[in-house]
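Please work through the following exercises with the sequence and the structure at hand. Each exercise sets a task and then gives a solution in steps.

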Amino acid sequence: MEKIANKKKHAFSIKVITAICGSFLCGVIFLKAPLWGTAALISFATALAGFEMTVASQLVSNRFLQVVGIFFSAAIPWLVYLDLSKTIWMLILFLFVLICFGYCVFFQHSVSIGEVLACAFAAFVFPMILSLFVVINTGENGRKLVLLPLVIAWMCDAFSQIVGMKLGKHKLIETISPNKTVEGFIGGIAGSVLGVVIYALILQLMQVSVNWFVLVLVGVLGAFLAVVGDLSLSYIKRKCGIKDFGRLIPEHGGVLDRFDSVMFVLPLCIAMSQYIIK
């Protein structure tokens with residue numbers, strides 16, 4: 001028992017160190033680098049996410065569709081960065097459909113429609129959501145708020161795990177994520193609110209006036225969305241029979257394992273950004 005406890009403590013320590021290093025890297029690039037730096041980081045992350053969703057999950061077994069999914073997932077953040085017109089976006093979507101179904105019709109009749117849909121999910125859904133980091137960084141107060149989704153999601157994750165380990169007794173949704181508890185969920189909300197309060201205090205030290213009510217509300221709602229995002233990706237993993245989407249990040253898994261909750265919080269932060277800062 002003592003060895004197991006020490007192993008868990010060691011794993012948690014590595015997870016904390018990795019999270020701090022990752023947060024620092026994201027902070028430097030989002031805050032200090034030109035906008036293309038944000039696009040490059042997100043493109044790298046979404047390419048890995050595309051690989052995880054098509055290859056690691058085994059949802060797409062056809063090699064050609066895997067390559068197509070990864071290519072488009074890497075390209076989407078750069079296309080968002082270029083701020084293309086709606087017409088161009090429609091043509092890009094048409095090109096994707098043409099490539100996938102053209103290949104199925106003329107070269108590979110055995111490809112299932114499920115593989116095509118999973119490829120489309122990997123190529124567009126996650127990349128489009130994560131590309132909102134590029135969008136938020138172009139806004140009037142973008143540099144002041146770009147880290148907020150990370151703070152909400154990752155503070156929620158950290159506190160839900162800590163509280164769950166110490167006090168967790170009642171399972172949240174055991175069929176999807178056996179380790180998540182109601183106590184951990186409440187702790188995650190508290191952690192998220194604590195994160196936004198610290199974030200607001202830092203903004204005020206920078207002479208930025210914030211709407212405290214809106215910011216705390218975003219923290220609470222963001223915590224709910226973070227948990228939904230985590231459980232949503234856990235649902236996919238459970239259906240695919242895998243524990244993690246990858247092993248890139250020590251004790252965290254893959255990109256999708258680390259950004260699952262962030263992807264659900266990010267749209268909320270963009271929608272509320274104009275009300276957070278006075």
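The exercises below treat a predicted model and take up its aromatic pairs, nonpolar cores, surface patch, backbone angles and salt bridges.

**Exercise 1. Determine how the rings of Trp 154 and Phe 259 are arranged, and state where the two residues lie.**

Solution.
- Step 1. Ring centres must lie within 6.5 Å for a pair. The centres of Trp 154 and Phe 259 are 5.8 Å apart.
- Step 2. Planes over 60 degrees apart count as edge-to-face. The angle between the planes of Trp 154 and Phe 259 is 65°, so this pair is edge-to-face.
- Step 3. Trp 154 belongs to helix H8 (residues 148-167) and Phe 259 to helix H11 (residues 255-276); the pair thus links distant parts of the chain, 105 residues apart.
- Step 4. Buried means under 20% relative accessible area. Trp 154, at 15% relative accessibility, is buried, and Phe 259, at 14%, is buried as well.

**Exercise 2. Classify the pair of Phe 185 and Phe 224, and decide for each residue whether it is buried or partly exposed.**

Solution.
- Step 1. With centres 5.2 Å apart and planes at 75°, the rings of Phe 185 and Phe 224 form an edge-to-face pair.
- Step 2. Phe 185 is in helix H9 (residues 182-205), while Phe 224 is in helix H10 (residues 212-240), so the pair ties together parts that are 39 residues apart in sequence.
- Step 3. Phe 185 has a relative accessible area of 17% and is therefore buried. Phe 224 reaches 39% and is therefore partly exposed.
- Step 4. The count of aromatic pairs comes to ten. Ring pairs also join Phe 71, Phe 72, Phe 96 and Phe 124 into a cluster.

**Exercise 3. Describe the largest nonpolar core and the surroundings of Phe 133.**

Solution.
- Step 1. In soluble globular proteins, nonpolar side chains tend to be buried together.
- Step 2. The largest nonpolar core holds 50 residues, and those touching the most other members are Phe 30, Phe 133, Leu 148, Leu 150, Leu 256 and Ile 276.
- Step 3. Among the elements that each supply at least two residues of this core are helix H1 (2-32), helix H2 (35-56) and helix H6 (132-137). H11 provides the largest share, ten residues.
- Step 4. Apart from neighbours within four places in sequence, the contacts of Phe 133 include Phe 30, Ile 42, Leu 150 and Val 262.
- Step 5. A second, separate core has 21 residues, including Ala 39, Phe 72, Leu 79 and Ile 92.

**Exercise 4. Identify the residues of the nonpolar patch on the surface and the elements that supply them.**

Solution.
- Step 1. The patch is formed by Met 90, Leu 93, Val 97, Phe 101, Ile 113 and Leu 117, which together have about 570 Å² of accessible area.
- Step 2. Helix H4 (86-106) and H5 each give two or more residues to the patch. H4 gives the most, with four residues. Ile 113 lies in helix H5.

**Exercise 5. Find the places of Gln 58 and Asp 83, and give their phi values.**

Solution.
- Step 1. Gln 58 is not a glycine, yet its phi is positive, about 65°. Gln 58 is in the loop between H2 and helix H3 (63-81).
- Step 2. Asp 83, also a residue other than glycine, has a positive phi near 55°. Its place is the loop between H3 and H4.
- Step 3. Exposed means over 50% relative accessible area. Gln 58, at 64%, is therefore exposed, and Asp 83, at 65%, is therefore exposed too.

**Exercise 6. State how many salt bridges a search of the whole structure finds, and locate the partners.**

Solution.
- Step 1. The search finds three salt bridges.
- Step 2. Arg 258 is bridged to Asp 157, with the closest N and O atoms 2.8 Å apart. The pair links helix H11 with helix H8, across 101 residues. Both Arg 258 and Asp 157 are buried.
- Step 3. Asp 230 is bridged to Lys 180 at 2.9 Å between the closest N and O atoms. Asp 230 lies in helix H10 and Lys 180 in the loop between H8 and H9, so parts 50 residues apart in sequence are tied together. Asp 230 is buried at 12%, whereas Lys 180 is partly exposed at 22%.
- Step 4. Lys 237 is bridged to Asp 257, the closest N and O atoms being 2.8 Å apart. Both Lys 237 and Asp 257 are buried.

Notes. Residues numbered from 1 in each chain as written. Predicted model: local features only at pLDDT ≥ 70, side-chain atom pairs only at ≥ 80, totals over all residues. Heavy atoms only, no water. Phe/Tyr/Trp six-rings, centres within 6.5 Å; stacked < 30°, edge-to-face > 60°. Buried < 20%, exposed > 50% of the residue type's maximum accessible area, 1.4 Å probe, protein only. Core = buried A, V, L, I, M, F, W, Y, C linked by side-chain atoms within 4.5 Å. Contact = heavy atoms within 4.5 Å. Patch = residues over 30% accessible without salt bridge, like charges linked within 9 Å, V, L, I, M, F, W, Y side chains within 5 Å. Areas by Shrake-Rupley, 256 points an atom, 1.4 Å probe, with all protein chains shown as cover. Salt bridge = Lys/Arg side-chain N within 4 Å of Asp/Glu carboxyl O.
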